[in-house]
Amino acid sequence: MYSEKVMEHFRNPRNVGEILDADGIGEVGNAKCGDIMKMYLKVNDGIIEDVKFKTFGCGSAIASSSMATELIKGKSIEEAMGLTNKAVAEALDGLPPIKMHCSVLAEQAIKAALLDYSKKHNVHIDGLEDFD
Ligand code: FES
Ligand code: FES
């Protein structure tokens, strides 16, 4: 049912934790399953210098957050904005259909953290208008 990559990121998730002096923090949840994901960003000169997450959720949510942090670390804000849940799922070699929403949480958590960053630091980020 689960790919090797999902299992591997579930057993050994990357970038777990929190950033105390984060520039942006996003928290999202899924009402149906009750899972919660929190994302912390450190941004410098438009680059995601560091990212950490805390997920209270299923294995797919943990694997999705882990993969998502890997995909945006060291990347620009624009690249992070462009990260879709599909790309997260593909990077994990797929998720079962009923688990696709776990990857949606990862995309939303990143956008929520970017929104928080843009508000706190008064920077405009293209594409966040619809998310607010
Ligand atoms: Fe948590 Fe099923 S709802 S394992
Ligand atoms: Fe809801 Fe995974 S089951 S986030």
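Predicted model: local features only at pLDDT ≥ 70, side-chain atom pairs only at ≥ 80, totals over all residues.
Colleague: Which element does methionine 7 lie in?

Modeller: Methionine 7 is part of helix α1, and its C-alpha atom is separated by 15 Å from that of alanine 68, a residue 61 positions away along the chain.

Colleague: OK, and at what angle do α1 and α2 cross?

Modeller: Helix α1, residues 4–11, crosses α2 at roughly 85°, and the two axes come within 8 Å of each other. The two helices are therefore roughly perpendicular, as that word covers angles from 65 to 115 degrees.

Colleague: Which residues make that contact?

Modeller: From α1 the contact uses Val6, His9 and Phe10, while α2 contributes Gly59, Ser60, Ile62, Ala63, Ser66 and Met67. Sorted by class, the contact of α1 with α2 holds 5 nonpolar and 4 polar residues, with no charged ones.

Colleague: Now α5. How far apart are the axes of α2 and α5, and what is the angle?

Modeller: Helix α2 (residues 59–72) packs with helix α5 (residues 100–121) at an angle of about 40°, and their axes are 8 Å apart. That angle makes α2 oblique to α5.

Colleague: Is the crossing left-handed or right-handed?

Modeller: The crossing of α2 past α5 is right-handed.

Colleague: And which residues meet there?

Modeller: On the α2 side they are Ser60, Ala61, Ser64, Ser65, Ala68 and Ile72, and these meet Cys102, Ser103, Leu105, Ala106, Ala109 and Ile110 of α5. In this contact of α2 with α5, 8 residues are nonpolar, 4 are polar and none is charged.

Colleague: Stepping back, how many helices and strands are there in the protein?

Modeller: The protein has 5 helices and 3 strands, and from the N terminus on these elements run α-β-β-β-α-α-α-α. Its radius of gyration is 14 Å, close to the 14 Å that the globule rule gives for 132 residues, so the protein is as compact as a globular protein of that length.

Colleague: What does the C-alpha trace span along its principal axes?

Modeller: The span is about 45 × 25 × 25 Å.

Colleague: Last one: what share of the residues is buried, and what about contacts between residues at least 24 apart?

Modeller: Of the 132 residues, 37% are buried. Taking contacts between residues at least 6 apart in sequence, 59% join residues at least 24 apart.

Note on methods
Residues numbered from 1 in each chain as written. Chains lettered and ligands numbered in written order. Axes fitted to C-alpha atoms, helices over the stretch in contact; angles between N-to-C directions. Helix = DSSP H or I, 4+ residues; strand = E, 2+ residues; numbered from the N terminus. Parallel < 35°, antiparallel > 145°, perpendicular 65-115°, else oblique. Left-handed = near helix turned anticlockwise from the far one by under 90°. Contact = placed C-beta atoms within 7 Å. Nonpolar A, V, L, I, M, F, W, Y, C, P; charged D, E, K, R; others polar. Rg over C-alpha atoms; globule rule 2.2 N^0.38 Å. Buried ≥ 20, exposed ≤ 12 C-beta atoms within 10 Å, placed from the backbone.
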